[in-house]
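Hi,

Here is the structure I promised to pass on. Have it open while you read, and my notes follow below.

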Amino acid sequence: MDKAAGDLKQALPNVCDGVQIHVEVHQKSSSVAKKEDIRMSVLTLLNRHNIVFGDYKWTEFDDGFLNSNVQSVSIVDTDLKLKDRQPIDLSKSSLSLHIFHLNEEGPSSENLEEENEDIIAANHWVLPAAEFHGLWESLIYDTEVKSHLLDYVTTTLLFSDKNVDSNLVSWNRVVLLHGPPGTGKTSLCKALAQKLTIRLSYRYRYGQLIEINSHSLFSKWFSESGKLVTKMFQKIQELIDDKDALVFVLIDEVESLTAARSAFRAGTEPSDAIRVVNAVLTQIDQIKRYPNVVILTTSNITEKIDMAFVDRADIKQYIGPPSTAAIFRIYLSCLEELMKCQIIYPRQQLLTLRELEMIGFVENNVSRLSLVLKEISRRSEGLSGRVLRKLPFLAHALYIQSPSVTMTVFLQALSLAVDKQFEERQKLAERKKLADCV
């Protein structure tokens, strides 16, 4: 430990020791260095900087070897375990290093042939994918959704490794995220698949994400949907048979299955409808026996999710609109990015909600802009995460249109963009009401 770190540690008697810290090491695509050599160099880096405050990322290094072979070294997900921003002594923590390359090829299509026509039945990514890099960090929730999902998969692996009898203790490897549109359910599924591929790289060489196109399977070729579902899962089975791969099956808008069940109850297409439902449920029941597969599903229409499917979900997690605190953190991350790109200039230090709370929300030269952002966040309640991340762009496009502005000016524009968003929603609601009356 160098002297500065030693002095810092003595000055911080409440350093958080003994926690498990995850360190993600992004190896450059051009690098052919051995993981063990990278590991040793990263440990040396961490030994020199062994007191950190929450998540931290290095992108530049004094070490020539790291500069040549590593894009970044990131301490991640400390907020999932530690509620307060407190110093962490890496020398007394349990370090888990995850070294990974990003696959930059993008998605491929899984096609099924039906009556001389190719149906795009799914999109297929090899993980970790460049497309999803940073997605996990961008998703902000009030509850412990992320940590619960990570812990869930860890437990499924433990139970499989210990050969727990699934007839006595049952688990299905199925996750259901449900809630209103725009809350990040699909993004969270993709980010979770990416995160777990990196986190479990010590036992699986890569991940596979198959996003099933429900509408292709359940609409045009409805009379053949049962067969198409079976064909699709046969392709998935081939991926699962590769024991070096961790396979994620994503079924977006899983309530599409309900449409088939509803048609059956209504007396239309009875045989085909029941075949669709039975095919999906049967395939899920078959692949849950394999330790290297996780089924991720989403639904926007909670009340229409088929109960036969709900019963199979181990986790049924509601994802709702963000609270004021989550909105504040979302805006904070957006403003940090705009400062990094010098669209907002000069750089301004913004306080977190925790830091504002510690000073009793008293306004002074340091806290003024952060308190303005807190008020904008309060007035943004009710907007989805998808809309919130568009608002900084709209604020610039509608009210600034200058290459660079101060934080004060940008926050004024952001406030106007929030007001405009609610005005537009009100107008749309009024038009819909008029249309319904006609």
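In this predicted model, four strands make up an open sheet, in the order β3-β4-β1-β6 and with mixed pairing. The edges are β3 (56-58) and β6 (94-100), each of which pairs on one side only. On average, neighbouring strands here are turned by 15° against each other, ignoring direction. As a reminder, strands of a sheet pair through backbone hydrogen bonds, either parallel or antiparallel.

Inside that sheet, β1 (residues 20-27) and β4 (residues 70-76) run antiparallel and are joined by 6 bridges. Helix α2 (residues 35-48) lies across β1, β3, β4 and β6, and α2 runs at about 135° to β6.

Next stop is helix α12, which covers residues 324-340. With 17 residues, α12 reaches 24 Å from its first C-alpha to its last, close to the 24 Å expected at 1.5 Å a residue. Which residues of α12 are buried? They are Ala-326, Ile-327, Phe-328, Ile-330, Tyr-331, Leu-332, Cys-334, Leu-335, Leu-338 and Met-339. An α-helix has 3.6 residues a turn, so residues three or four places apart point the same way. That's handy to keep in mind while you look through the list. The buried residues of α12 pack against α13 (353-358), α14 (368-379), α15 (385-388), α16 (391-399) and α17 (407-437).

Then there are a few backbone spots to look at. After α12 comes Gln-342, with a positive phi near 65°, although the residue is not a glycine. Gln-342 sits in the loop between α12 and α13, and at 48% relative accessibility it counts as partly exposed. Pro-346 is in the loop between α12 and α13 as well, and the peptide bond joining Tyr-345 and Pro-346 is cis, with omega about 5°.

Gln-401 also has a positive phi, near 55°, and is likewise a residue other than glycine. You'll find Gln-401 in the loop between α16 and α17. Is Gln-401 buried or exposed? Its relative accessibility is 62%, so Gln-401 counts as exposed, the cut-off for that being over 50%.

One more cis bond to check: the one from Leu-127 to Pro-128, where omega is near -5°. Pro-128 lies in the loop between β8 (117-127) and α4 (135-138).

Cheers

How values were computed:
Residues numbered from 1 in each chain as written. Predicted model: local features only at pLDDT ≥ 70, side-chain atom pairs only at ≥ 80, totals over all residues. Heavy atoms only, no water. Helix = DSSP H or I, 4+ residues; strand = E, 2+ residues; numbered from the N terminus. Expected span 1.5 Å × (residues − 1). Buried < 20%, exposed > 50% of the residue type's maximum accessible area, 1.4 Å probe, protein only. Contact = heavy atoms within 4.5 Å. Pairing = 2+ DSSP bridges. Axes fitted to C-alpha atoms, helices over the stretch in contact; angles between N-to-C directions.
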